Amino acid sequence: MTRAAPSSGPQADGRLDTGGRLDGFRLLVTGIATADSIAFATARSAQRAGARVVASAFPRDGDRARQAVSTLDDPIPVVECDATSAGDLDRLGTSVDELLGGLDGVVHAIAYAPTELLGGTLLDAPTDRVGIAFTTSVVSYVALGRLLAELAPAAGGSLVGLDFDASGAWPVYNWMGICKAALESANRYLARDLGPRRIRANLVAAGPLHTRAADAIPGFGHLLEAWETTAPLGWDPTDAAVAAEAVCFLLSEAAAAITGEILHVDGGYHAMAAPLRPMAGEPTDPSAARTTAHDEVTDVDDGRPFDMTLPVREGATR
Ligand SMILES: NC(=O)c1ccc[n+]([C@@H]2O[C@H](COP(=O)([O-])OP(=O)(O)OC[C@H]3O[C@@H](n4cnc5c(N)ncnc54)[C@H](O)[C@@H]3O)[C@@H](O)[C@H]2O)c1
């Protein structure tokens, strides 16, 4: 695949001008439900970078997706597809081939877990619906990798999925977190099996963004608070474009030698070992915070207070 070199320089909205980076690239973007969807931001970024884009949407979200894409610079076709249905996936492949004449890239932005699998503890969650969460959130990634392999040219292609860092246990995320860990593993196996076809497989691990799926997670605000205190670059949970731009990078020839990777787009949160800032409303003087957090803590040996140099915030995740 030969692609034009990316141009640079800020646009009116302050973002880099990525025009040309995906010139002629034929792209399927799954998972548009609303204009807040990461998939929607990705379709917009990819289109602005020169890609020809087809969207797919869960049938129940078809009308909402069509409404959202009607606001793009150049509205794109929406094909309805339940990613857990083999028949739907076959029909999606046929439609995309008819619309684009092949495929250079696929974006997987699909996840679902029944509410009872989120919140509380893992031990309390009923397990009879774990299958639907796994099939929707993980198996569909492999299915879309297969679809890309069928439609990609000999020059290869690029598969990119959306991840939420699964290297540790989060509050509330529970079975969805376990599905994301499986997604990360599936990504490595797909990199292995698609590599000989010159098809790359990568994930973008985004920080928390206000979308329909995220806002439905009980305790999602708790994750936002963690980012507020810990991301060294800061984090805007309404700006899905930062994740979208990273997806476009991984789709593009600029990432030609990258596969099996997880690219964190989280303001640097994943690299920090502890909160860097107090929560709004908490004392900014560390000694004040230390007193508050530890004034009851004493050394069992001699009864003197511990000298703990880091303030501890109740509920801190890292
Ligand atoms: N929002 C966040 O904070 C965040 C952070 C990191 C990763 N992600 C991931 O980004 C991806 C997109 O989610 P989002 O946050 O944009 O939310 P969203 O609600 O906009 O998108 C989720 C999409 O999954 C689709 N979907 C669910 N079941 C489906 C099925 N059976 N077949 C086809 N599509 C189905 C929905 O229709 C929807 O379009 C997900 O994988 C999510 O886990 C989200």
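**Overall build**

The model is predicted. The protein chain has 318 residues, and 41% of them count as buried. Its secondary structure comprises 9 helices and 7 strands. Among contacts with a separation of 6 or more, 72% join residues 24 or more positions apart.

**The nonpolar core**

The largest nonpolar core holds 82 residues. Within this core, I32, A55, V204 and A243 touch the most other members. Helix α8, residues 241–251, supplies the largest share of the core, with 9 residues.

What does A243 touch, once residues up to four places away in sequence are left out? The partners of A243 are I38, A41, V204, A206, L209 and V265.

**The ligand shell**

The ligand is surrounded by 27 residues. A33, S37, F58, L162 and A213 are the closest. Three elements each supply at least two residues of this shell: helix α1 (38–48), strand β5 (157–163) and helix α6 (212–215). Which element gives the most? That is α6, with 3 residues.

The shell can also be sorted by residue type:

| Residue type in the shell | Count |
|---|---|
| Nonpolar | 17 residues |
| Polar | 6 residues |

Key
Residues are numbered from 1 along each chain as its sequence is written. This is a predicted model: local features need pLDDT of at least 70, side-chain atom pairs count only at pLDDT 80 or more; totals for chains, interfaces and linings use all residues. A nonpolar core is a set of buried Ala, Val, Leu, Ile, Met, Phe, Trp, Tyr and Cys residues joined through C-beta atoms within 7 Å. A residue is buried if 20 or more other C-beta atoms lie within 10 Å of its own, exposed if 12 or fewer, and partly exposed in between; C-beta atoms are placed from the backbone. Helices (H or I, at least four residues) and strands (E, at least two) are DSSP runs, numbered from the N terminus. Two residues are in contact if their C-beta atoms, placed from the backbone, lie within 7 Å. A residue is near a molecule or strand if its C-beta atom, placed from the backbone, lies within 6 Å of it. Ala, Val, Leu, Ile, Met, Phe, Trp, Tyr, Cys and Pro count as nonpolar, Asp, Glu, Lys and Arg as charged, and the others, Gly among them, as polar.
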